[in-house]
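The sequence and structure go in first.

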Amino acid sequence: MKTIAELFLHPPLAAVLRYIVRHMLSCACAGILAVFFFLYWFSLPATLFDKPTSTIIEDSEGRMIGARIAEDGQWRFPASAAIPEKYAQAVVWFEDKRFYRHHGVDGRAIVRALIQNIRHRRVTSGGSTISMQVIRLMQDHPSRTLLQKLKETLLATRLEIRCSKQEILNLYASHAPFGGNVVGLNAASWRYFGRDPDDLSWAETATLAVLPNAPSLIHPGRNRNLLLEKRNRLLDRLFEEDVISEENCRLAKAESLPDQPHSLPSDAPHLLDRIVETSKGKRIRTTLQQTLQQRVNGIVGRYALSYRGNFVNNMAVLVAEIETGDVLAYVGNVYQSEQTSGNRVDVIRAPRSTGSILKPFLYAAMIDYGELLPNMLVPDIPIQIGNFSPKNFDRSYSGAVPAQRALQRSLNVPAVKLLQQHGIEKFYKLLQTLGMKTLSFPAEHYGLTMILGGAEGTLWDITGMYAELARTLNHFSKYMSRYDPADCHELNFLQQQSYRHRQPVANRPLDHTAPIEAAAIWQTFEALSELNRPEEEATWKVFSSSQKIAWKTGTSYGFRDAWAIGVTPQHVVGVWVGNASGEGRPALTGVNYAAPVLFDVFAGLPHSKWFDIPHDDLTPMVVCRKSGYRASPLCTATDTIPAARINAESEECPFHAVIHLDRQRKYRVTSECYNVAEMVHVPWFVLPPVQEWFYKSKNADYKSLPPIHPDCLNTERQQQMELIYPPLGLTIVLPRQLDGSEGKVVFKAAHRRTGATVFWHIDHHYEGSTQTPHQLAVSPAPGEHTLILVDDKGNKITGFFTIEGKK
C-alpha cells in the first residue's frame, strides 16, 4: 500500500492535487476579499450621527422664532440642507485646501504632518481631511492612536463613496464643536452672533471656520488673542486666493470677536412647548409671522404690566387668517423668564369657562332654523327653571328686549330663554360640529347653563369656530346648498399642514349642508359689529382708518375669565385674560380687560372691507317695528328688512291685538256691557303682565291698556296680573339670618293696573296686601303650599310652591 507521500509524487495524481490546492487558494483569496469588501461597504452605520438635537421653530419665512436645547444639554441644531458658500470656502481653505481634489485622504497633508511632528517631537498636526474629521466627530472624539488614525482613514474613503462633497461639508458644519455646549454651525452662528449663518460677515464666518480647531478659545478672557490671530490669518489666506478683496479683508480684520453668547429668539415659547410634545429635535416651519408675533408680544406685555395692579397675571392672544386657518400669532401667556404666577401654562389650550362667548352661535342657529328675527322681542324677566335662576350681569330686567340688543348687551336671561326654545341637544351638536372639543359630557349634563359658561372651552377651539363662521360667509355662494366637512378646517400652525397646500375644494364632491347658512351668519356679524367698543375706541366710526369688526366678549362666573373674540373677512383674533390658577378678581370682565387688547391687536392688522351681503340667501320681509316679528295685519308701524328665506313663514306678531274702546276712547268695553255700534276698534301693542311691568319702566313710549269701563268690570277676560316669583311648583329653601333667626322669602307679582291692590293668601290664610310694587316677604312653614292672589276687582291667580326646610 502506497504512502501518502508516494501518492503526491505520482505525476497524474500530483497534477490533480496541485490544481485543487490552487483552486482552494484562489477561492480563499476571493472569500477574504469578499469579506473585506463586505465589511468595508457596511463599515459606516446607516445613521452617522444619533445625538439628540435641539427643537427649532421658524416663522412662515424661515426666520427662527424659538429654540429648545437638546436633551443632552447641548445647543445642537438639526442639520440644514446646505451651508452658506461663504462658510464653505472659509472652512475648506482653513481645514482642507485640497478637499475637492482628494477622495477622503490627503497623502501630501499626511506627509507634511509627519514631518512637523518629527520636527517638534510631539503631535502638532494630524493631517486629517474634513472627511476624516467627520468620522472622528461621528465616533465622539476617540483617543488619538495610530490604529484609530488608520480606521479614520479607511472610513473616510467609504464616506466619500456614500456622500457628495457638499453633504460631507454639511455633516462637518452640523456636528463640529464650537465651544462650551454649542455644536454645529447654525447653533454657533445664533449663540455668538445672534443671526443665521447666511447673514454673517466675512470676519464672523472666518471666526466660526477656525473655531472647531480649538473651540475653547471662544470663552471670554481665554486666549482671545490666539483666536484673533487664527481668524486674521485665514482672512489673509482668503485674500491671497482671491476669495475676498483687499478692502473686504481689511474691514473684516477690523471687526472685533464676539463677547458673551446671545440668547436665542423666544418669540413663541408656548407654541414651542406644544411642538416639542410631538416633534422634539426637529426644525419646524410654522405659519406664524415673526413681525406680527413680536408686535402682539409687545401688546400683551404692556397690558400685563397694567393688569398686574389688580393681581391679574395671565393673558393669551391668538391671531389667525380666515381663509386658510393659518395661525399668524400665538401668545400662550405672558412671557417671563422665571416661572411665576402660572405664566408657563399655555392658556390657548387650557379649558376655561366660556362665559357669554358662545351666545352668537345660538343667535345665528336660531335665525338659521327660522326661530328668530334680529329684532324679535325676547322675554327678559326673572325666571326660575328648577334650581337654576339665571340673572343678568347688572341684575336688572327689561321685560322684553330685541334679540339683537340682547346679544349686544350679552343679557343672560334672554339667552337662557332662547336656548330653552331652541333645544339644548341641537345647540350641543352644533358646537361639536363647529369644532368645540371640550364637551366631554352629554348635553343634559350641561343643561341651560351651557350658554352662560357652564361648558368649558379653549381659546384655540372657540377662535377657530368664529373663523369658520367668517369663512362660510366669505364663500356663501359655495356653501349655500352644499358643504364639505373637510372645509371646516381647524386652525393650524404648521406650514406643511396649511390649507394652502391641500387639494382645492373645487376638486372634491360637496354634498353636505353647512352648519349655519350665510344669511344667519351675516345678520349675527351685523349685530356684533355694532357693539359699543372700549372707551379708547368709542369714537371708532369717525376714523376712516378704523375697520368694522364683529366682536363679542365673555365673562365667567366669579370674574375668573375675560374673553374677547373678533372677526373681519381676513382675520380672527381671540383674547383671554385672567389667572391661570382660576382666581377671580374684581372688575375682571371681557369688556374691561380683554376687549382693549383685542382692538390693539386689530389696529396692527391689514384692514379689509366688510363682508359681502349674501343676497341669494336673503329675502325682503315686512316686520313689526315694535315686536320685531313678521308683521301681522294689526301692526300699525312696520319696517322692511333683509331676512333669511327660512323666516318667510315665521310666526306673526303675537303682541298686537284689537281692543274695543268706548266712543271717547277712554275705557275698554265689551259687547256685554256696551253698544257694539258705538265701539271703537283699535290695534294695541300688549305685553304679558310681568314683561309689561319691567318693559314700561324702560320704554317711556309704551302705552298700557286703558282701564276697564266701570260697567264692564265683571266682563273683562284678559289676564290682569301674573306671578314673578315664585314660579309654579318651585321648591324653596329658607335661609337663616346672621343672628340665627328664620329668614324670609320675597314673593313678587305684576299687575296691569297702576294703583291696584293685591291681597295675598297662603293656604287660604291672609298674609297681607300690596300696591305697586307688589312684593311681600313671608316665612311659610316647611311643606307644600298654595298661593292665592286676589286684586281689588276680584281677579284671581293661584300658584303652588314647596318649602324644603330651614338652614
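The entries below cover a pair of helices, then a sheet and a helix lying across it.

Entry 1. I noted before starting that this is a predicted model.

Entry 2. I looked up helix α14, residues 359–368, and helix α21, residues 518–529. Their axes come within 8 Å and cross at roughly 140 degrees. I count angles over 145 degrees as roughly antiparallel, and α14 and α21 are therefore oblique to each other. The crossing of α14 past α21 is right-handed.

Entry 3. Which residues of α14 and α21 meet? On the α14 side I listed Pro360, Tyr363, Ala364, Ile367 and Asp368. Facing them in α21 are Ala520, Gln523, Thr524, Ala527 and Leu528. Sorted by class, this contact between α14 and α21 holds seven nonpolar, two polar and one charged residues.

Entry 4. I turned to an open sheet of five strands with antiparallel pairing. I wrote down the strand order as β7-β6-β14-β13-β12. The edges are β7 (327–331) and β12 (550–555); each has a single partner strand, so one side of each is left without a neighbour in the sheet. Ignoring direction, neighbouring strands here are turned by 10 degrees against each other on average.

Entry 5. How many bridges join β12 to β13? I found six, with β12 and β13 (residues 561–567) running antiparallel. Trp551 stands opposite Gly566 of β13.

Entry 6. Last, I checked helix α13, residues 290–307. Helix α13 lies across β6 (314–321), β7 and β14 (571–578). Its direction is at about 30 degrees to β7.

How values were computed: Residues numbered from 1 in each chain as written. Predicted model: local features only at pLDDT ≥ 70, side-chain atom pairs only at ≥ 80, totals over all residues. Heavy atoms only, no water. Axes fitted to C-alpha atoms, helices over the stretch in contact; angles between N-to-C directions. Helix = DSSP H or I, 4+ residues; strand = E, 2+ residues; numbered from the N terminus. Parallel < 35°, antiparallel > 145°, perpendicular 65-115°, else oblique. Left-handed = near helix turned anticlockwise from the far one by under 90°. Contact = heavy atoms within 4.5 Å. Nonpolar A, V, L, I, M, F, W, Y, C, P; charged D, E, K, R; others polar. Pairing = 2+ DSSP bridges.
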